[in-house]
Amino acid sequence: MRAPHRVVITGVGAVTAVVSGGADAVARAIAALIPTDAERVDRALAQLVDHGEARRLSRVSQLTLAAARIAIDDAGLEANGALGIVLGTELGDLRSTIGFADGFLSRGPAGLSPLLFPNTVMNTMAAATAIALGARDLSLTLNAPTVAGEQAVIRAAAAVAAGRAAALLAGGVDELDPAVGAVLEEAGGRFAARGEGSALIVLEALGAARARGARILGEILGTASASLPASPYGVGRRASSLVIRRALAEADVRLAALRAIYAGENGDARRDAWESRVLENAAPGTPTGPPLARQFGQTSALGPLKVVAAAREAPALVHGLARGGSEVALVVGAAPVE
Amino acid sequence: MRRVVVTGLGAVSPFGTGVKTFWAGIAAGTCAIRPIKLIESEGFRCQIGAEVPDGVGGSHRRSRADRLALAAAREALDDAGLSHDDRLETALIVGAVGGGMLEAETWHWRRRDRAARGHASIGALRSILPSSHAETLGCRLHLGGPRETLVTACSSGAASLAVAAELIADGSVDVALAGGADALTRICFMGFNALKLLDPRPCRPFDRDRKGMSIGEGAAFLVLEEATRARARGARGYAELAGAGMTTDAFHVTAPHPDGDGMARAMRTALAGGRVAPADVGYVNAHGTATLQNDRIEAAALRAVFGEGRVLVSSTKSMIGHTMAAAGSLEALATVLALTHGVVPPTAQHEHTDPDVPFDCVPRVAREASMSHAISNSFGFGGQNVTLLFRAGA
Amino acid sequence: MEAKEVLDELKAILVSRLKFDPRRVAELTMETPLPKGVDGAIGLDSLDFIELSIAVEERFLVPIDESEDLVPHFASLDTLCRFIAERAPSA
């Protein structure tokens with residue numbers, strides 16, 4: 001079913017250990033395979049979030065706000081009420097949750113911090129960013145293993161296409177915290193090499209973007225998502241899926257026209273193998289782009305980063321498949337020609 | 001235009017398992033808020049809450065919240081009579097906040113203090129995240145459509161219904177299972193205590209003497225379906241989900257905007273979506289947490305949208321407490337049932353309506369009222385406002 | 001407790017629980033307004049005040065009654081020190 005508006009990308013903001021910056025910086029970093037720099041994130045936060053704000057924002061919220069500021073600036077937009085945010089995250093603000101609980105375990109009820117409590121709910125990053133920006137349009141947080149960033153872009157694109165929102169920041173964030181990491185390792189090991197960072201793209205309707213003379217980086221041509229059979233957080237056996245076909249159909253793009261697939265290869269061997277089999281079936285012969293998860297580490301920021309990379313090699317496909325079976329596909333096109 | 005109807009209902013509430021049990025409880029105005037047994041409460045000012053009684057069932061290797069979700073989801077799917085093939089295309093949109101935090105807390109507490117009670121294995125941590133309910137439900141119930149978990153604090157359950165309806169209206173799917181689930185957690189209980197937002201007695205929404213919230217737990221899921229398809233397969237339609245509004249205050253992490261502007265916008269958007277005038281709405285199932293702030297501001301927003309005294313208002317939280325991520329969906333369920341039964345559930349413990357609340361709050365006893373439309377409000381921390389509009393007859 | 005000690009403890013609370021930069025806190029005078037929205041204030045909002053009142057209860061054993069209007073007592077470090085001196089259990 002055709003939606004009324006075409007959805008275009010007008011800005012990018014990323015704060016990661018590989019790169020901090022807008023569309024051009026991100027594109028250069030991906031092309032040059034720049035490695036991670038552990039201090040880059042902290043330097044970026046010091047620049048983009050002032051002391052007064054930082055006092056009340058957990059680190060993962062600061063990451064989100066910082067990326068949002070870069071993205072809005074990159075898009076040439078102003079932070080105002082007609083802006084919203086759709087944010088994906090896998091781990092949220094677990095650091096604050098542990099801190100809150102430990103306050104009680106150390107000192108009883110008097111050790112509970114009211115300031116930390118709101119951070120124990122995963123919408124804290126989106127809420128804090130919306131407050132800082134005065135953004136009063138749609139605000140949603142999605143939680144999923146591996147593909148939360150892609151899901152956020154899909155959800156945001158649907159809202160813009162249907163005219164439910166004018167301009168949305170869409171993307172994902174995850175932080176690396178030693179305490180959280182230690183707990184996760186005890187819980188069942190780290191399959192993928194994790195990273196940290198936030199990335200947000202700005203999505204607008206084509207008409208509105210053109211009307212304000214925005215630079216257009218690409219277009220979301222089609223999306224689809226579904227679930228393959230698997231046990232919770234397990235790797236499934238089925239390798240035949242309709243998701244890519246559906247995304248291509250909505251995009252009105254032929255499989256043969258795809259120049260690349262940006263998939264989710266992230267070092268989780270069994271998951272990677274499953275996705276490879278699915279891609280072999282659905283898009284045999286289509287070359288895969290460089291595995292951004294290897295460069296950036298596994299975070300929910302990968303979804304929008306893959307979309308940005310795909311836009312530069314358009315038409316290209318972004319694909320994600322999580323343990324447990326959640327599968328996503330986005331077809332990304334070049335900036336529409338007038 | 002594609003219309004969305006409700007074709008299946010499922011719930012686990014502080015009254016017990018099942019939709020019938022839930023309706024019997026709220027229609028009778030029964031308060032299910034009692035001394036807490038699930039977690040330690042000594043040393044805290046408020047020691048009561050609305051717990052789901054024993055007998056939820058399900059494997060104890062699953063988190064409590066997953067078990068609540070699974071029981072409610074199963075009931076909804078069976079009620080809708082969805083076939084195996086239907087389920088392969090059914091989207092799953094879950095509102096969640098605490099996830100499996102209760103079991104993770106038990107594990108963490110024991111690590112710090114050998115004498116802490118309860119037992120939880122390291123495996124408990126695998127279900128800690130809010131997304132675990134969708135993983136459990138999706139896998140166990142063989143749901144093959146899009147799978148998403150929304151976290152918007154106290155409005156998560158309602159947001160899941162709004163987004164599921166969008167998926168159907170947009171044409172992405174024809175059927176969706178949507179709703180929310182939450183189990184009591186120490187963090188939630190302690191946090192609201194620390195913020196001094198809990199009433200040591202069962203909460204009294206919209207009452208002049210209210211002193212704060214009561215917490216609760218539960219789960220509710222609704223099957224939403226494209227109207228023509230539902231009719232074609234002879235599905236029973238409870239009501240139409242005719243409109244939804246999702247807005248953001250962008251004001252403060254815990255306090256609502258004092259003007260109630262975001263709340264009013266959510267309500268107006270929902271009404272506009274259903275092309276319904278305020279005068280056509282017979283009942284508002286309020287967010288009604290019984291905090292001094294929420295009730296006053298929500299009443300102001302209601303006045304702005306409907307005019308004084310022009311609609312019946314009641315809060316289900318007076319009976320089941322604030323069930324967090326489940327609230328939006330349990331209360332949507334209450335709203336649908338109110339329409340189908342022609343009965344408005346009451347506000348329990350209501351003695352003296354606050355002068356700032358110029359509405360009939362249906363005190364203590366349910367009211368017969370034949371209505372064409374009703375709305376359900378859910379306003380979450382961080383100013384995440386959701387209003388759902390239901391239309392009778394499907 | 002000596003007045004100077006109370007002041008030092010309050011400043012320590014501003015750093016440890018309210019996460020203020022120690023240098024910023026060192027600059028505070030007794031008259032610096034606390035609440036957001038007041039000129040020259042350190043800028044505490046409602047959530048900060050709840051955190052502060054819990055810390056004051058714990059550190060100085062001052063019982064705080066939520067139904068009481070606390071706004072005048074929390075206006076500045078000066079008013080807060082007096083409040084604590086009046087309400088703390090005698091040594």
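Two strands pair if DSSP finds at least two bridges between them. In this predicted model, β3(B) and strand β4 (residues 48-50) of chain B pair in the antiparallel sense, over 2 bridges. Within that pairing, Arg34(B) stands opposite Gly49(B) in β4(B). The two strands belong to an open sheet of 3 strands, ordered β3-β4-β8 in chain B, with mixed pairing. The edges are β3 (34-35) and β8 (215-216) of chain B. Each edge strand has a single partner, so one side of each is left without a neighbour in the sheet.

Next, the contacts between chains. Chain B gives 51 residues to its contact with chain A, and chain A gives 53. On the chain B side, several elements each supply at least two residues, including α4 (101-112), α6 (156-170) and β10 (239-248). By class, this side of chain B has 23 nonpolar, 19 polar and 9 charged residues. Chain C also meets chain B: 5 residues of chain C are in contact with 6 residues of chain B. The chain C side of that contact has 3 nonpolar, 1 polar and 1 charged residues.

Now the interior. In soluble globular proteins, nonpolar side chains tend to be buried together. Here the largest nonpolar core has 289 residues. Leu168(A), Ala72(B), Leu333(B) and Leu388(B) touch the most other members. The core draws at least three residues from each of domain 1 (7-211) and domain 2 (219-333) of chain A. Leu333(B) touches Leu9(B), Ala11(B), Val19(B), Phe22(B), Ala220(B) and Leu222(B), leaving out residues up to four places away in sequence.

Turn to a helix in chain A. Helix α5 (residues 94-107) of chain A has 14 residues. At 1.5 Å a residue, α5(A) should span 20 Å. Its end C-alpha atoms are 20 Å apart, which agrees. Among the buried residues of α5(A) are Leu94(A), Arg95(A), Phe100(A) and Phe104(A). Just after α5(A), Gly108(A) takes a positive phi of about 70°.

Finally, a glycine in a loop. Gly297(A) lies between α12 (292-296) and α13 (302-312) of chain A. Why does Gly297(A) count as buried? A residue is buried if 20 or more other C-beta atoms lie within 10 Å of its own. Gly297(A) has 23 within 10 Å, so it is buried. Beyond its neighbours within four places in sequence, Gly297(A) is in contact with Ala193(A), Arg194(A), Gly195(A) and Glu196(A). Gly297(A) and Ala144(A) are 153 residues apart in sequence and 16 Å apart in space, C-alpha to C-alpha.

Note on methods. Residues numbered from 1 in each chain as written. Chains lettered and ligands numbered in written order. Predicted model: local features only at pLDDT ≥ 70, side-chain atom pairs only at ≥ 80, totals over all residues. Contact = placed C-beta atoms within 7 Å. Nonpolar A, V, L, I, M, F, W, Y, C, P; charged D, E, K, R; others polar. Helix = DSSP H or I, 4+ residues; strand = E, 2+ residues; numbered from the N terminus. Expected span 1.5 Å × (residues − 1). Buried ≥ 20, exposed ≤ 12 C-beta atoms within 10 Å, placed from the backbone. Core = buried A, V, L, I, M, F, W, Y, C linked by C-beta atoms within 7 Å. Domains from an automatic or database assignment.
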